[in-house]
Amino acid sequence: MVFPRRSSRSPRSRYTLGLLLLTAITLLVLDLPGTGPLQPVRNVLAGVFRPVRSAGDAVFEPIGNGWEGAFGYDELKDENDRLRARLEDAKGDDAELRRLETEIKELQKLNGVTATGVQTRTAEVVSEPVSSFDASVEIDQGSGGGVKKGMAVITGLTSGPGGGVFGRIVEVQGGRSKVELITAPSFVAGVRLRTGERGVLRGQGPDKPLLLEGIKVGVKVAEGDYVFTSGITDSAFPRDLNVGRVRSVEESADGLNQTVEVTPLADLASVYVKVVLKDPPK
Amino acid sequence: MSAAKVAAVILVALVLQVCLFARFSYDGARPDLMVLVAIAAGFVAGPERGAVVGFAAGLAFDVVLATPLGLSAFVYVVVGYVVGTLGANVVRSAWWIAPVLVALASAVAMVFYALVGEVLGQATLSGPPLTAIVVVVAALNAVLAPLAVRALRWARTDDIDHRRHPFLAR
């Protein structure tokens, strides 16, 4: 049976389509990164939805757990193996960190600089990405816990800057915050190498290495070198947070810079993370 | 079409998406129930209402995503409108028409979403493999298509009443 719809391409439906598309484009322009007039609207709408979501989580959690229990055994075993491997890695990391600590102390003595402690707030990852095209997770700390947009998030459970950079706060609500993962293509941070050379680090997508740009040809970069945040003035990230290790180095097409790929140090499947409570730049 | 019923359908779909279906991922690809709502609206109620419902469903989804507000709304408006336009010329007597149309529309919608996101600097093509996303979303939405079509038909029931009252008919 055919359902003819004479009005399907009527001027009225085209007018509606045009109006809706224009509205969507206006919203997109107003909400592009760097602008924030729609943030309060987002926060209010998210606040309205939160109780409904909490109720939904409570109802559907047993189903999700059942699914993970039924099909997740192999994943758990793999995860256990990976954790063991990481523990091995951590032995070397610890030695490297001790060496760096000594080096920094000596440099601080030379420059008369005193080290400042990094205050952190432990949080739990409560929600994974909700769409294939989403690269953010939610944590259970919000504005009430002193969390602000732009702050760095690192992995780990105990106080202090122990873990690697996990991501950045992109949205803050009362008791929850949204964290953009370090691998998100929109993630950008100022970093430095052990030699002091500074560059810009960008995410390239899930399961892909990070891209370090701005390292000139001639600067010695070796595979396995550690990369740290640079803590430049207009960055919300304090300096010396562990970011990752150099995975590969190549000369870029322009012949002026090196293309450096970095493997994140943080386990992006971590359940416990810490928000670094350093005020973002005004 | 009843705005309250459409809002209820969108809210239920959003809760199911965020609280249940987002937990299931294959190779990083996750189901997308909100695009199913837009497609079903176009299929059931034509292009104009498909676009309106698509806009509302997309906007609701945007609120819980970290992507710019309006990205899903933009994509789902087009999806609802196109499905409504194409659906007007489809023979619907066979039971499998809706699942097949929904699967095809879901697959095209995901590719369109990735392309629009990429143009807007969201690097959506750098995320999970697009083929995995297309397969997961198309397959699940095809299975859920009869339910979604039924829900949107329920939301459209006011139209039938309006037809009896010419002054209320649009």
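How many helices and strands are there in chain B? In this predicted model, in which local features require pLDDT of at least 70, side-chain atom pairs count only at pLDDT 80 or more and totals for chains, interfaces and linings use all residues, chain B holds six helices and zero strands, these being DSSP runs (helices H or I, at least four residues; strands E, at least two) numbered from the N terminus. Residues are numbered from 1 along each chain as its sequence is written, while chains are lettered from A and ligands numbered from 1 in the order in which they are written.

Of the 170 residues of chain B, 59% are buried, a residue being buried if 20 or more other C-beta atoms, placed from the backbone, lie within 10 Å of its own, exposed if 12 or fewer, and partly exposed in between. The C-alpha atoms of the chain occupy a box of roughly 50 × 35 × 30 Å along the principal axes.

Helix 2 (residues 33-64) of chain B comprises 32 residues, yet its end C-alpha atoms lie only 14 Å apart, short of the 46 Å that a straight helix would reach at 1.5 Å a residue, the expected span being 1.5 Å times one less than the number of residues. A kink of about 145° is located at B:Gly46 in this helix, shortly before the proline B:Pro47, where the bend is the angle between axes fitted to the seven residues ending at a residue and the seven starting there. Because 31 of its 32 residues are buried, helix 2 of chain B is largely enclosed by the rest of the structure.
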